[in-house]
Amino acid sequence: MAPSDASDTPTAIGNETDSKGRLLTSDGRPLRAALQRANRRRKLTALGLVAPLLAFILIFFAYPIVQMMWRSVDNPAVVEALPRTLAALEEWDGNDLPGEEVYRALYEDMLADEELPRAEQKMGPLAVRLNYEISAARSAIVRTARNVDEMEAPYKEAFLDAHRLWNDPTIWRIIEREGRPLTASYYVAAVDREYNAEGEIVQAPENRQIYVALFGRTFMMSVVITFMTFALGFPIAYYLSTLPMSKANLLMIAVLLPFWTSLLVRTSAWIVLLQGQGVINDMLVALGVIDDENRLTMIYNQTGTIIAMTHILLPFMVLPLYSVMKTIPPSYTRAAKSLGATPWTAFRRVYFPQTLPGIAAGGVLVFIISIGYYITPALVGGQDGRMISNEIARHIQSSLNWGLAAALGTMLLVSVLILYWLFNKLVGTDSLKFG
Amino acid sequence: MSASDKRDGFVVFDKVQKSYDGETLVVKDLNLSVAKGEFLTMLGPSGSGKTTCLMMLAGFETATNGEILLDGKPINSVPPHKRGIGMVFQNYALFPHMSVGENLSFPLEVRGMAKSDREVKIKRALDMVQMGNFINRRPAQLSGGQQQRIALARALVFEPELVLMDEPLGALDKQLREHMQFEITRLAHELGITTVYVTHDQTEALTMSDNVAVFDDGRIQQLDPPDKLYEEPRNSFVAQFIGENNTLDGVVKEITGDECVVQLDSGDLIDAQPVNVSKVGERTRVSIRPERVEANKERLKEGAHTIKAQVLEFIYMGDVFRTRLKVAGNENFIMKTRNAPDQVRHKPGDMIEIGWLPKDCRALDHD
Amino acid sequence: MTKKLKLIALSSAASMIALSAAAQDPVSLTVVSWGGAYTESQQRAYHEPYMAANPHVTIINDDGSANALAGLRAQSQAGNVTWDLVDMLPSDAQLACDEGIILEIDHDAMLAPAPDGTPASEDFLPGSLGDCFIPQIVYSTILAVRPGAFEGEQPDSIADLFDLENFPGKRALQDRPGTNLEWALYADGVAPEDIYDVLATPEGVDRAFAKLDTIKDEIIFWTEGAQAPQLLADGEVAFATGYNGRMFNAIEVEGMDAAIVWDGQIVEWDGWVVPAGGPNVDAVMDYLRFATDTQRLADQAKFISYGPARASSAALVGQHADLGIDMAPHMPTAPANYYSPIVLDNDFWADYGDELRERFANWMLQ
């Protein structure tokens with residue numbers, strides 16, 4: 001490089017400007033454009049690196065969640081099965097039984113359905129759907145539809161003969177209300193509400209309210225479990241962090257053991273330990289702490305769920321705590337002591353505040369996981385140790401009310417997101433350390 | 001350590017021993033006395049026991065045997081927070097979740113000091129280290145040198161009579177380190193506090209201390225003021241550890257008072273000052289500082305001893321010249337000469353004659 | 001490899017495929033059932049003899065029946081049916097049939113007649129056949145009692161389950177309304193044949209829950225079929241409800257000390273359905289014809305104490321294959337056991353199940 005060529009020397013770059021006063025590079029291009037071009041390649045590389053994971057998350061995580069949310073409002077059954085009936089119902093006043101023309105339309109809908117190939121028939125799904133709203137709707141639809149080709153006018157009478165439910169204005173209100181492609185009824189049911197005769201949303205009868213109380217209990221138990229894992233996990237994590245690596249790893253295996261044990265083995269172990277005739281009760285009786293008549297109930301109730309879940313989730317608390325504590329050098333506590341703090345003050349004011357990111361991360365993990373737990377509560381929870389997920393699982397697996405399951409699932413998801421947002425507001429996610 | 005026993009002892013280690021595993025001693029029979037207001041440095045390679053001694057003094061380690069006294073009172077069973085000793089840690093140990101002001105306030109709060117008094121003291125301590133404007137910063141927002149100053153201010157803010165420093169300058173770059181060395185000694189002398197300072201850096205030890213205790217193998221090898229330590233090392237270890245040093249191995253041929261004749265392994269006979277050789281026939285290692293070797297005949301003092309040397313390498317270092325020589329079979333014999341107008345610049349291969357005064361040539365133990 | 005060599009290799013591979021197609025294609029059938037002793041009985045009574053006679057068929061067992069309906073619906077909606085044959089309850093089968101996700105069965109055309117020529121539709125027990133459902137067994141939910149729990153008089157009726165005064169202690173019940181509500185009414189004095197009529201009224205439901213309330217504090221709910229015998233064996237409970245086959249297995253095979261109370265046994269069918277759109281429908285139909293004939297149904301009773309669903313099989317029920325004990329007295333349908341049965345009404349549960357399950361969940365929460 002010739003030293004006389006001033007524009008090529010490092011000091012001269014950037015001193016050139018174009019007519020608009022923008023900085024130019026040594027070969028005369030605008031500096032900003034050159035920088036963008038240089039950065040674009042880096043951005044593309046970054047995108048290429050995250051693309052597989054992004055695609056994976058979209059396909060296997062985001063898409064099912066969106067589908068679940070969609071299912072909680074999706075309501076095709078009535079619209080697809082009863083187009084004529086819905087059209088006829090538009091004239092109905094909504095009070096007494098509808099007139100002959102509505103029953104004729106229903107007859108026509110059923111007859112048309114009969115003609116379709118089995119897999120495309122809509123009366124089955126309709127029967128299932130309406131039974132969620134009113135008992136016996138399933139037999140009303142299925143039995144009437146089975147014999148619909150033998151029906152004769154006047155149809156109103158024929159239907160009233162076929163099933164008692166056709167004589168009830170309630171089922172017509174339900175058909176009219178649910179005769180839209182989207183429904184709120186799953187959410188209405190999920191917050192223990194129902195529609196009254198006027199179509200208003202009111203509290204469900206007391207003996208059918210489940211979900212609000214169950215949500216409350218789920219949150220309460222999750223808080224207790226989170227606290228228990230903290231109370232048990234903090235000292236052990238602290239102890240682990242003071243040990244040399246080899247010993248710490250050995251002990252860590254003991255903490256992680258529940259992770260690697262099959263669910264059945266774990267559950268049997270709890271049963272053997274906790275049940276009325278179990279090891280712990282036997283020991284207490286033998287020691288004379290309790291008498292044989294008053295054995296403790298520690299399983300098949302809330303206590304059982306809390307004990308079992310605390311056991312399973314302990315590693316989720318210990319690992320973040322351990323990884324945070326590992327980075328706190330002992331010199332902080334020593335410094336505090338050398339400055340005149342008692343061991344307790346040194347712990348409280350110097351050590352503990354520095355573990356907060358680990359406590360926060362462990363707490364969030366344990367809380368969110370326990371809110372969604374269902375196998376363990378089902379096995380050891382008895383009647384009052386069950387959680388909302390057990391109801392969701394029941395609706396997915398046995399009652400097959402997937403719309404309600406989706407609504408409950410969406411509510412659970414949203415409440416977790418709200419909690420996370422609150423947490424972020426109060427603590428700040430940048431202080432989280434997941435280990 | 002008879003010399004130290006005579007001094008007025010503010011801090012006294014009396015026959016202190018320390019073992020971690022019950023089989024080996026990390027600190028072996030340590031006797032040490034530090035006078036009030038003294039700046040004492042514990043210098044030694046890692047594993048020599050110096051940090052363990054500091055930790056025993058601070059109360060974080062307990063002495064296995066022996067007694068440590070502070071101001072005449074035994075403190076073996078006093079917990080660290082009741083010893084009232086200020087301490088500066090290797091990585092400063094500033095509390096990351098507290099601001100500078102809160103860090104300094106901490107020792108005052110735990111002593112139950114009123115808020116107004118605290119503010120005065122914090123301000124004074126920060127001004128002392130020229131950090132008055134940083135009271136609201138977090139430690140993470142400070143540079144290494146600034147953190148160092150805050151750590152110092154925190155150790156001093158509750159006005160302890162004794163301050164311990166555990167390699168406090170190790171993480172700083174050279175220039176800053178030199179500056180801080182000066183600052184720390186200035187403060188220590190201004191405030192009249194007693195300081196025990198641990199380092200493995202001999203320059204730091206020499207420039208800062210009133211006295212330096214050289215540690216090796218769990219023992220104090222020599223305890224002396226810096227100049228004496230440098231010029232009169234008591235044994236081979238100290239000679240090697242402090243400053244640069246040329247050694248020549250040989251056997252003592254005769255001893256007369258404060259002079260002896262050593263026959264080097266190459267056969268040459270040289271005069272030396274006997275330090276810890278006592279009888280004829282003993283193997284010895286003689287030690288000569290590179291800057292005491294002279295090649296310019298005109299500069300050689302009367303009575304200097306001369307020997308032939310071959311130049312192997314000449315290194316120009318600006319203020320000095322470093323010439324590597326082969327002397328009596330030793331190919332790593334360094335001669336350091338000042339860059340003066342009349343100084344000769346040798347070339348590799350030159351055969352020259354070098355010399356030194358017998359008193360600069362110390363016959364030490366051969367280990 | 002050169003191009004020519006590749007061609008030869010390709011064509012020889014193609015010809016081998018053609019050859020094996022000319023013989024019988026290997027078929028792998030996925031049969032979904034309840035697992036445990038029940039699947040074992042099907043394996044020995046049906047699968048093994050069928051595979052021996054048809055070496056090209058491999059039968060793979062899948063223990064997914066507990067969630068069969070959810071699985072069928074999910075596979076049908078995803079358009080990827082991997083199950084070939086599913087063992088399920090008639091109520092679920094009716095639902096699946098209504099939704100069109102399983103095949104309709106023409107019983108006389110598709111199933112083997114009885115040895116005496118009686119067509120299948122007449123040979124199967126009355127009311128057991130469904131539009132899409134081929135019954136296999138009659139099973140019942142019964143009450144089992146741990147004899148050591150009480151001195152003197154032993155419980156022998158459903159009423160005793162609700163009698164805390166004479167028979168105190170924990171009771172293990174299944175965590176669902178079915179059977180519990182029926183028994184509550186039965187114990188409260190409702191005749192077996194009237195139970196579902198009463199339960200269809202709001203007052204009847206209240207009455208059933210009121211009866212359940214009387215023992216609520218003593219109930220331990222079980223979820224999985226294996227839990228009930230386990231709770232009995234561990235001495236945790238004095239009473240446990242359970243499936244008669246599992247209890248038989250626990251008592252006779254594993255030697256558990258318990259007695260079965262046949263009073264108020266709740267009788268139900270269990271059987272096969274064929275998923276619509278499955279990959280091997282023809283092979284499945286051939287298997288079904290074999291597995292539901294008179295001899296095979298009688299054979300299954302050699303391994304588990306469930307009654308065959310064909311009238312013509314009853315006479316062929318013999319001894320337990322391993323224990324050598326006579327199986328006829330252990331059948332729910334044996335006259336000595338069948339004195340006060342409650343026949344499960346699937347139509348009732350299809351209609352009222354959603355509402356009653358909610359009410360039951362609410363009751364459990366209280």
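**Strands, helices and contacts**

Guide: Strand β4 (residues 134-145) of chain C is mostly covered, with twelve of its twelve residues buried. A residue is buried if 20 or more other C-beta atoms, placed from the backbone, lie within 10 Å of its own; 12 or fewer make it exposed, and anything in between partly exposed. Helices (H or I, at least four residues) and strands (E, at least two) are DSSP runs numbered from the N terminus. The model is predicted: local features need pLDDT of at least 70 and side-chain atom pairs pLDDT 80 or more, while totals for chains, interfaces and linings use all residues. Residues are numbered from 1 along each chain as its sequence is written, and chains are lettered from A and ligands numbered from 1 in the order in which they are written.

Visitor: How many bridges join β4(C) to β8(C)?

Guide: Ten bridges join β4(C) to strand β8 (residues 259-273) of chain C, and the two run antiparallel. Ala144(C) stands opposite Ile260(C) of β8(C). Strands pair if DSSP finds at least two bridges between them.

Visitor: And in which sense does β4(C) pair with β7(C)?

Guide: Strand β7 (residues 239-243) of chain C pairs with β4(C) in the antiparallel sense, over five bridges. There, Tyr243(C) is opposite Thr141(C). β4(C) is also joined by two bridges to strand β9 (residues 307-308) of chain C, again running antiparallel, and Gly307(C) of β9(C) stands opposite Val138(C).

Visitor: At what angle do α5(B) and α6(B) pack?

Guide: Helix α5 (residues 144-157) of chain B packs against helix α6 (residues 174-191) of chain B at about 15°, with the axes 11 Å apart. α5(B) is therefore roughly parallel to α6(B). Axes are lines fitted to C-alpha atoms, for helices over the stretch in contact, and angles run from 0 to 180 degrees between N-to-C directions. Angles under 35 degrees count as roughly parallel, over 145 as roughly antiparallel, 65 to 115 as roughly perpendicular and the rest as oblique.

Visitor: Which residues of α5(B) and α6(B) make the contact?

Guide: From α5(B) come Gly145(B), Gln148(B), Leu152(B) and Leu156(B), and from α6(B) Leu176(B), Met180(B), Ile184(B) and Leu191(B). By class, six are nonpolar, two polar and none charged. Ala, Val, Leu, Ile, Met, Phe, Trp, Tyr, Cys and Pro count as nonpolar, Asp, Glu, Lys and Arg as charged, and the others, Gly among them, as polar.

Visitor: Where do the axes of α5(A) and α6(A) stand, then?

Guide: The axes of helix α5 (residues 123-133) of chain A and helix α6 (residues 137-146) of chain A come within 7 Å and cross at roughly 155°. That makes α5(A) roughly antiparallel to α6(A). Residues in this contact include Leu126(A) and Leu130(A) of α5(A), which meet a group in α6(A) that includes Ile141(A) and Val142(A).

Visitor: How many residues of α6(A) are buried?

Guide: Seven of the ten residues of α6(A) are buried, among them Ala140(A) and Thr144(A). The buried residues pack against α4 (100-115), α5, α7 (155-162) and α8 (169-177) of chain A, together with α4 and α15 of chain C.

Visitor: Which pair of chains has the most contacts?

Guide: Of the two pairs of chains that touch, A and C have the most contacts. In that pair, 30 residues of chain C are in contact with 34 residues of chain A. On the chain C side, α15(C) gives the largest share, 13 residues. That side divides into twelve nonpolar, five polar and 13 charged residues.

Visitor: How far apart are the closest C-alpha atoms of chains B and C?

Guide: They lie 46 Å apart, and no contact joins chain B and chain C.

Methods:
Two residues are in contact if their C-beta atoms, placed from the backbone, lie within 7 Å.
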